[in-house]
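Take a walk through this structure, one element at a time. Keep the 3D view open as you read.

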2 protein chains.
Amino acid sequence: MKNDLRVKNAIGRLVPTEVNGKTVIPYQGVGKHRPTGNKYGPRISTCIDFPDDGNKLIPSLKEALIKAGLKDGVTISTHHHFRNGDLMAVQIFDIASELGIKDLIWFPSASFECHEPLVKYLKDGTINRIEGSMNGALGRFTTEGGMKGTGVLRSHGGRYQAVQDGEVQIDIAVIAAPSADFFGNANGVDGPAACGLLGFALADSQYADKVIVVTDHIVPFPCVPWQIQGNYVDYVVKVEKGGLPEKIVSGTTEITKSPDRLLLAEMTAKFCDIAGIVKDGFSFQAGAGGTALSIGIYFAEMLKKKGMKARFARGGSNKYLVKMLNEDLVDYILDGQTFDLDGVASMRTNPNHKDTSPFTSYNYHGKGNFAQLVDVVILGATEVDVNFNANVVTHSDGVLLHGIGGWQNCLFAKCTILTVPLFRDRIPVIRDEVTTICGPGEMIDVIVTERGIAINPLRQDLLERIKNSGLPIKTIQELKDEAEKICGIPSKQKFDDEIVAVVKWVDGTIIDAVYKIAKPV
Amino acid sequence: MKNDLRVKNAIGRLVPTEVNGKTVIPYQGVGKHRPTGNKYGPRISTCIDFPDDGNKLIPSLKEALIKAGLKDGVTISTHHHFRNGDLMAVQIFDIASELGIKDLIWFPSASFECHEPLVKYLKDGTINRIEGSMNGALGRFTTEGGMKGTGVLRSHGGRYQAVQDGEVQIDIAVIAAPSADFFGNANGVDGPAACGLLGFALADSQYADKVIVVTDHIVPFPCVPWQIQGNYVDYVVKVEKGGLPEKIVSGTTEITKSPDRLLLAEMTAKFCDIAGIVKDGFSFQAGAGGTALSIGIYFAEMLKKKGMKARFARGGSNKYLVKMLNEDLVDYILDGQTFDLDGVASMRTNPNHKDTSPFTSYNYHGKGNFAQLVDVVILGATEVDVNFNANVVTHSDGVLLHGIGGWQNCLFAKCTILTVPLFRDRIPVIRDEVTTICGPGEMIDVIVTERGIAINPLRQDLLERIKNSGLPIKTIQELKDEAEKICGIPSKQKFDDEIVAVVKWVDGTIIDAVYKIAKPV
């Protein structure tokens, strides 16, 4: 990046004061940065410019993109509800490339392996940068310094905040929708590529200058429910295939069979029980992945045994959560993203399986959000340090391989637990310092590893509650030492001075920078 | 009003160029005024300022209003889903009066008889003006020149447009809600004062600086469905009674027994049938009131006989519409306001009974809206002129007695029918010129009276379709002459030069002015 002015932020990380030509604010601490000014107001539309009969169908995505003003330098957004079955992003940039358009900014809500073909457009300058998660091949390419602009990583809530506050102005939003009508009303619960909901595209629909809905399933007006409201939509494109249904569903819908992970899950659930968190009317969120799923199952068993029920579970929904809802062990699923077809079906038919959005769940620049109401959230991390700071975007080798997702936003739950293995591939997970800080330690309450549980000293209340419980409570330093005893002290990854991406905190400030990894000598 | 600069607008009416100190745009013709600039962006909020546990409960409305910054000159909004059972407006201005606060602007989505006590606050300067409907006593008081500021009448869609575009900035929105949680999520389908939906408060929640939800029915988080999203809400107040359920329901839920009105209804339905409007998959909207209800029943009978079904009906919903939905004569009710308890129950339980809002249904400064997709809308009017211009806000005596409601917005349907009696109390309804123009004649296709049907000459297609049908087709001039033959030529109401209110068109321009009625000599 050109501007090399850097300052140390409130968590001690050296971060740039300008990113992609715009001044940015260094992280100030949790709850310290107070935004000023007003939300972004998109251009006022008028019915004059829209067809009298409401029919916004356009023959092809290419025509729609051209009509929407595709040109050099514009920002194009997509959502990730189709997950690894997304067909939009590559098509959009294929079209842009064919038209010779350069320097685009891609603003996805997340990227997946299926987006690997975009590396060539990062190489040839069709895409200037990605503001969103840079996973897999895109992450590696970025960390090796290949991307022209600087990547910007935001949480799901931070993405909504950035759009709402006008930090990112989306020129063209492309919203792939499993079901839509000609007016642009759209949902994710119907159609051959049903994926559940479309909440990650909400900000895009509300704030983008031009909104294109793409679907392979047109229904007569009205498309009900209208998770995306046609009144925000400019064009509707009918395509042969809107997404690959077989790849929409996350692969991580089976409970773990790994004894280590099962142990993690069991310990975590037991901790929650002993700490008094599992009780009548409590609420929880557990991410995808085998460990998290297993914890949900333990919770369900506990509730059944105690004759209690939870008030709500936040999803990522899956068949196990749906089973809890159907067995009346939880009143509501507040779902941000469906992980399997049981989740999709339940959202379609059960009014207590409610779709949410990053606005309701995660936006820090709202009048509160749902994440802070959750009693306990169980998350993962790539690294944790002795101050409980945690990393989710890079591994210890410095390579960007994950997005933040809702992880940062979830830290605002009343109790945040990270379940991590003590080491991965003989590389310790608990470090003196994490490679990249995504979450400040003060927000992280408990670290559960297969060899013991560390409780943040800030949570004396929790320490008090689990006293004499027989749970293997250790200090975080003890856990780190234990890992190093087995794996040795890990060597430090070497970096160049060049910043390839920045990580935003939930309030839009810069919490950390990601550096170009040094070429092996 | 102070500034007396007036210009003739595109429909030939003399309108002011400044209203309440703000420059306004004279009506330019249908689809002629193109808005510029951006939507209003409310102040950016932050979770820092809201309770960690999400509990926004405040002990009383008074405290909430003070916390929300109640002071001289602010704009306070309320909605009218409780209809004549509203308890908020009078309470709010009682509190303001008690605190000695002056010059408030009341921005209701509609007013009812129950608001008569506010006349005293218009008199003593607590309220400067009403921007909204001035019905009953408020209308009479305004038309007699009693209100300090100038009234501004907007359609439901125009109200959303004005808020969205920043023409009206709401300082404090008070949203009475039949059911809510402590976070501010709220709906109208549950609780002892269930009124259906809360769509008229949507703009208020999205754009007001401070939002207060008032309810007599607190449920544990989450209040589902959240028709009002707590993420927009600042304070929640629990009161003994949020509204009077027995007065929420409109009195006009019985089909008419008047033979004249039944004739009107039958002729209208027959016209729609012969004109080819009633067909498989068609859509319709009929307002409240006995005539409109009866038309719905005729439509239902026709569909049953033909073995057809409608795609959607726009409500005001009522038991007759709900019956159609339950008998599978219509796929969806797209409901803006429930008129009876059958409507409320149906919205609560039937996913095909969808709540809508002025944003989805009526906002002219959106990317299209639902009103324009409706095949036929049947409305009333106080007066119609020989150019098909119509009035809904004043009677021929010049007194403001009605709001616009969704009337202007509905004119964008594919066929707009006004059903009116030829005369009321021996005063002809069809005139050379209406007292106040609310809808331009070019938008009004058909006038149905008990003595004949006039079709707008602009609709040659309709004239063609009903040729030789045996329907009593007349010119509008013939209908006028017929009325005058019976009632005599009506005398003209005398007005002072003072403008007491203006009527906005759906795009925010001024279509007409309402003058102070001259004192009888």
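Start with strand β16 of chain B, residues 310-317. The model you are looking at is predicted. In this prediction, β16(B) is mostly covered: of its eight residues, seven are buried. Here, buried means that 20 or more other C-beta atoms lie within 10 Å of the residue's own.

What lies beside β16(B)? One partner is strand β15 of chain B, residues 283-286. These two strands pair in the parallel sense, and three bridges link them. Look for B:Ser283, which stands opposite B:Phe312 in β16(B). Now follow the chain from β15(B) to β16(B). The path goes through helix α9 of chain B, residues 290-306. This β-α-β crossover is right-handed.

Another partner of β16(B) is strand β17 of chain B, residues 330-338. This pairing is parallel too, with six bridges. Find B:Ala313 and look across to β17(B): its bridge partner there is B:Ile333. Between β16(B) and β17(B) comes helix α10 of chain B, residues 319-326. Together, the three elements make a right-handed β-α-β unit.

While you look at strands, keep one general point in mind. Side chains in a regular strand alternate between the two faces of the sheet.

Next, move to strand β6 of chain B, residues 75-78. Four bridges join β6(B) to strand β7 of chain B, residues 104-108, and the two run parallel. Which residue of β7(B) is the bridge partner of B:Ser77? It is B:Phe107. To get from β6(B) to β7(B), the chain passes through helix α2 of chain B, residues 88-98. That β-α-β crossover is right-handed.

β6(B) also pairs with strand β10 of chain B, residues 172-176. Two bridges hold this parallel pairing.

Now step back and view both chains. The same surface serves both copies, as 100% of the contact residues of chain B recur in chain A.

Notes. Residues numbered from 1 in each chain as written. Chains lettered and ligands numbered in written order. Predicted model: local features only at pLDDT ≥ 70, side-chain atom pairs only at ≥ 80, totals over all residues. Contact = placed C-beta atoms within 7 Å. Pairing = 2+ DSSP bridges. Right-handed = clockwise from strand over helix to strand, strands pointing away. Buried ≥ 20, exposed ≤ 12 C-beta atoms within 10 Å, placed from the backbone.
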